[in-house]
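Here are some notes for a colleague who is opening this entry for the first time. They are meant to be read with the structure on screen.

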Amino acid sequence: MNAKQTLLKKIEDGTFTLLSGEQIAKKLRLSKKDKTGLFNMLDELYREGALLRDSAFRYGTRKQFRAIEGTLSANERGFGFFVPDDKTLSDLFIPHRALNGALHSDKVLACRVGGRQGDEGEILAVLSRGKKEIVGVFKGNGRFGTLIPDDRKFSESVFIPAGKTKNCQSNVKAVARITDYGERGLSGEIIEILGNDGDFFVEETALIREYNLREEFPQPVLDEAEKQSLRPVDKLDDRLDLRNELIITVDGEDTRDIDDAISVKRDGNKFDLGVHIADVTSYVLRGSALDKEAYSRGTSVYFPDRVLPMLPKALSNGICSLNEGVDRYTLSCLMTVSETGKVLSKKIVPSVIRSRHRMTYTEVTAIYEGDRKTRDKYPDLIDFVADAIKLTKILKKARANKGGVELNVKEVKIIYENGNISIPDYERKISHEMIEQFMVLANESVASFMQERKMPFIYRVHERPSPEKATAFQDFLRGLGVSVNFDPDKVSPADFKNILKQSENLPAYSVVNRIMLRSMMKAAYAPENIGHFGLASDCYCHFTSPIRRYPDLAIHRIIKDYLKNGEKIAEKYQKFVKDASVHSSAAERTAESAERDVDALFIVQYMSDKVGERYDATISGVTSFGIFAELKNTVEGLIPIETLPDDSYRFIEEQFLLRGTKNSYRIGEGIRVIVSSVDWGSRRVLFVLDEDKS
């Protein structure tokens, strides 16, 4: 055993645990010359990853430091927060001095060091870099310069040396690849020039690059998609032939990737419901270039002016899309449902369908509401729609009786057509509820079918709210005068349903819905079933969108394999469902963040020519720096505290209240606002109170 190995062993066995080099040298009574050798060995062990080192230059192992793995979420003001991978642990505040070279989104090791609140930590090591490419504005002379990151959480600028600028000009938006994370700062090279800083579509592309999303597919993937799309739909094999059944699709007017269809037949007091989903796995073969690309993307990403699809258009808009009047391979979930909404029987079967009509939500609603013109156009759907809506109401009532939480949270709808942006008032039709109820029932039926057979599977899970969030929600409700008596440690979906019922006549009803949503945990994918809190479902999955979500595609593959080969397939998918669950959940979070940021960009553009206009609004958020207000079309803006009537304000977080001596503002209250400006940097609309009306 050489000297370095002996030193490591002495640290590991506790002899020199969490001591600095000087302290170890003192214990060993080393001469000045021998100290240098000790320090060099400690540095080598640190660089090799055998030891960790804190800001006091103490050395130790992961276990000795009680190091935790997680991710750094940096703040533009220089500090950060450590978010542990273990969700049972709380976040740690990381002051700037304790970052130890870590940057925003890096995978790191951290330890708790105390602090005033006991929640301060220190970064011990960077395990992997979260950002390898940075989007920003280049400042320089074409030969060399600096890239200033757009993401304010990424506070380090990137030096671009001579020969690495790609002739980028100053004040141009570009993408840089980091080539060195050195102690003296970051350096890199320009790999893509996006266009002039401030151009709207350049800003959108910059956001897409920020999230590392891709518009284009690799050529081998496109070639394979084209080849698969040319395969005729003529081999029935063991498929159930449903081409003569009355089957329709119902989607938005602008939908191109149609992956679900429905059939409904009434049989006395029972209903035969069929949910027919595009059999994407017939074309995306396991382990193929298409499959690997779909797995990598994880999901389609939707922006107002474009879609970044999970699969190439030859599949998503072509052979896999359940277009009207053409034969398509499907995987059908066939259910018999009682008059009380109970699934009496279910089976999953490979099938082939021919959609009779490509319907829109607007048309189905018009048929149900008796619109003569639409009924004359689709006479064969009059009874179909009547039965389908009756079943919808039965299912809706059955889920309410189980305690399902039906949130009424408005979702912004941004329409971009012919260069114009519009944001209509929020509208939800009975036909939306119909498709939602049918898809949820199919997802439940498929998940329970596979759970009963104990097959490896990807479940959609939704945990109950944490006691802390449930307690905060209780405090908010009491501030509104709503009676609450649920146990925060054991809150149930039925408790939340009752709260919605109690508050449905309150002016703040929409805000109650929003705060309830915030109090809930985030739904995710998991290989173990723990149920779905929001739906009050014991067992749930995502089965109905394999064109745009990889978990759906993956479970189609598992189901088909099981139907053909039985239980012997189990071992093949054990590791896969774990990896796919983690990866798909991460891809979903990335897509949602990107969609939210791009939507905000479009909203700012839409509101930029409405400065000075007045609107009725509802207070949708309260903070220490101001209040947020939401318009009827879901556009939200900030009223900075400095623009509120002069007063001494105190933010009472648990009551969602900004209280002054003369004025107070609580979430849910109605106000009148004036659009004062838009902030392109933060992608935020700014309001001021219309004091004459508020």
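**Notes on a pocket, a strand group, the cores and a helix**

1. Strand S2 (52-53), strand S4 (68-74) and strand S8 (120-128) each give at least two residues to the lining of the second largest pocket. S8 has the largest share of that lining, with four residues. The model is predicted, and these assignments should be read with that in mind.

2. The volume of the second largest pocket is about 830 Å³. Its lining holds 36 residues, and those closest to the centre are Leu-99, Asn-100, Gly-101, Ala-102 and Arg-129. By class, the lining residues of the second largest pocket are 18 nonpolar, twelve polar and six charged.

3. Next come the strands that pair with S13. Strand S12 (residues 172-180) and S13 are antiparallel and share eight bridges. Within S13, Gly-195 is the residue opposite Lys-173. Five residues lie between the strands in the hairpin of S12 and S13, where Gly-185 has a positive phi near 130°.

4. Strand S11 (residues 158-160) also pairs with strand S13 (residues 186-196), but here the strands run parallel and are joined by two bridges. In S13, Ser-187 stands opposite Phe-159. S13 therefore has an antiparallel partner in S12 and a parallel one in S11.

5. Which residues of the largest nonpolar core touch the most other members? They are Leu-315, Met-434, Phe-438, Phe-457 and Phe-543, in a core of 83 residues. Helix H12 (residues 430-452) is the main contributor to this core, giving eleven residues. There is also a second, separate core of 59 residues, with Ile-423, Phe-496, Met-516 and Tyr-665 among them. As background, nonpolar side chains tend to be buried together in soluble globular proteins.

6. Leaving aside residues up to four places away in sequence, Phe-457 touches Val-446, Ala-447, Met-450, Ala-526, Pro-527, Cys-541, Ile-555, Ile-558, Ile-559 and Val-577.

7. Is helix H9 (residues 361-368) mostly covered or mostly open? It is mostly covered, with six of its eight residues buried. These are Tyr-361, Glu-363, Val-364, Thr-365, Ala-366 and Ile-367. After H9 comes Gly-370, with a positive phi near 90°.

Notes
Residues are numbered from 1 along each chain as its sequence is written. This is a predicted model: local features need pLDDT of at least 70, side-chain atom pairs count only at pLDDT 80 or more; totals for chains, interfaces and linings use all residues. Side-chain values use heavy atoms; hydrogens and water are left out. On a 1 Å grid over the protein atoms alone, a cavity is a set of points where a 1.4 Å probe fits but cannot get out, and a pocket is an open set with protein on both sides within 12 Å along at least five of seven lines; lining residues have an atom within 4 Å of a point. Grid points are joined across faces, edges and corners, and a volume is the space filled by probe spheres set on the points. Ala, Val, Leu, Ile, Met, Phe, Trp, Tyr, Cys and Pro count as nonpolar, Asp, Glu, Lys and Arg as charged, and the others, Gly among them, as polar. A nonpolar core is a set of buried Ala, Val, Leu, Ile, Met, Phe, Trp, Tyr and Cys residues joined through side-chain atoms within 4.5 Å. Buried means under 20% relative accessible area, exposed over 50%, partly exposed in between (1.4 Å probe, protein chains only). Contact means heavy atoms within 4.5 Å.
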